Amino acid sequence: MNEFIFMKRTPKEIDLLIAERIRGIRRRRKISQKRLSEKSGVSLGSVKRFERYGEISLISLTKIAMALELEGELEELFAEAPFLSIEEIINEKN
């Protein structure tokens with residue numbers, strides 16, 4: 001049995017992990033939630049909900065990333081996705 005199956009996170013856990021990372025970056029840059037809301041154009045309620053529960057739309061996450069000058073991180077998301085099979089390699093070439 002594959003030992004990594006037990007290490008997989010749920011979608012909710014991943015969302016919370018991303019929110020925790022963003023909150024940490026915001027705090028170390030000494031930007032309040034209110035200021036992030038103003039800079040990003042995302043409502044203060046949405047910023048608070050995201051940081052607490054990990055819930056946010058993709059467009060709002062993108063706006064927050066841009067406000068924190070992290071858009072490059074989003075642009076690289078899935079850029080280096082590994083092939084999972086030989087079939088995928090063949091399919092990419094077709």
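Leu61 is buried, with a relative accessibility of 15% (buried means under 20% relative accessible area, exposed over 50%, and partly exposed in between, using a 1.4 Å probe and protein chains only). This residue belongs to helix α4; helices here are DSSP runs of H or I with at least four residues, strands are E runs of at least two, and both are numbered from the N terminus. The model is predicted, so local features need pLDDT of at least 70 and side-chain atom pairs count only at pLDDT 80 or more, while totals for chains, interfaces and linings use all residues. Residues are numbered from 1 along each chain as its sequence is written, and side-chain values use heavy atoms, with hydrogens and water left out.

**Around Leu61**

- Leaving aside residues up to four places away in sequence, Leu61 touches Phe50, Ile56 and Leu74, where contact means heavy atoms within 4.5 Å.
- One of these partners, Phe50, is itself among the buried residues of α3.
- Lys93 is 32 residues from Leu61 along the chain, and the C-alpha atoms of the two are separated by 33 Å.

**Helix α3 and its buried face**

- Ser46, Val47, Phe50 and Glu51 are the buried residues of α3.
- Viewed down the helix axis, these buried residues fall within an arc of 130°, so they line one face of α3; the arc is that of the directions from the helix axis to the C-beta atoms.
- The buried residues of α3 pack against α1, α2 and α4.
- Gly54 follows α3 and has a positive phi, near 75°.

**How α2 meets α3**

- Two packed helices are described by the angle between their axes and the distance between the axes.
- For α2 and α3, the packing angle is about 120° and the axes are 8 Å apart; axes are lines fitted to C-alpha atoms, for helices over the stretch in contact, and angles run from 0 to 180 degrees between N-to-C directions.
- That angle makes α2 oblique to α3 (under 35 degrees counts as roughly parallel, over 145 as roughly antiparallel, 65 to 115 as roughly perpendicular, and the rest as oblique).
- The α2 and α3 crossing is right-handed, a term for the near helix being turned clockwise from the far one by less than a right angle, with anticlockwise giving left-handed.
- On the α2 side, Gln33, Lys34, Leu36 and Ser37 take part, and they meet Leu44, Val47, Lys48 and Glu51 of α3.

**Salt bridges**

- The count comes to 4 salt bridges, each being a side-chain nitrogen of Lys or Arg within 4 Å of a carboxyl oxygen of Asp or Glu.
- One of them joins the side chains of Lys12 and Glu55, at 3.6 Å from N to O.
- Lys12 sits in helix α1 (residues 11-28) and Glu55 in the loop between α3 (44-53) and α4 (58-67), so this pair ties together parts that are 43 residues apart in sequence.
- In helix α2 (residues 33-40), Lys34 and Glu38 are 4 residues apart, or about one helical turn, and they form a salt bridge whose closest N and O atoms are 3.8 Å apart.
- Glu38 also forms a salt bridge with Arg35, with 3.7 Å between the closest N and O atoms; these two lie 3 residues apart in α2, about one turn of the helix.
- Through shared partners, the salt bridges join Lys34, Arg35 and Glu38 into one network.
- Within this network, Lys34 is exposed at 52% relative accessibility, whereas Arg35 is partly exposed at 41% and Glu38 is partly exposed at 48%.
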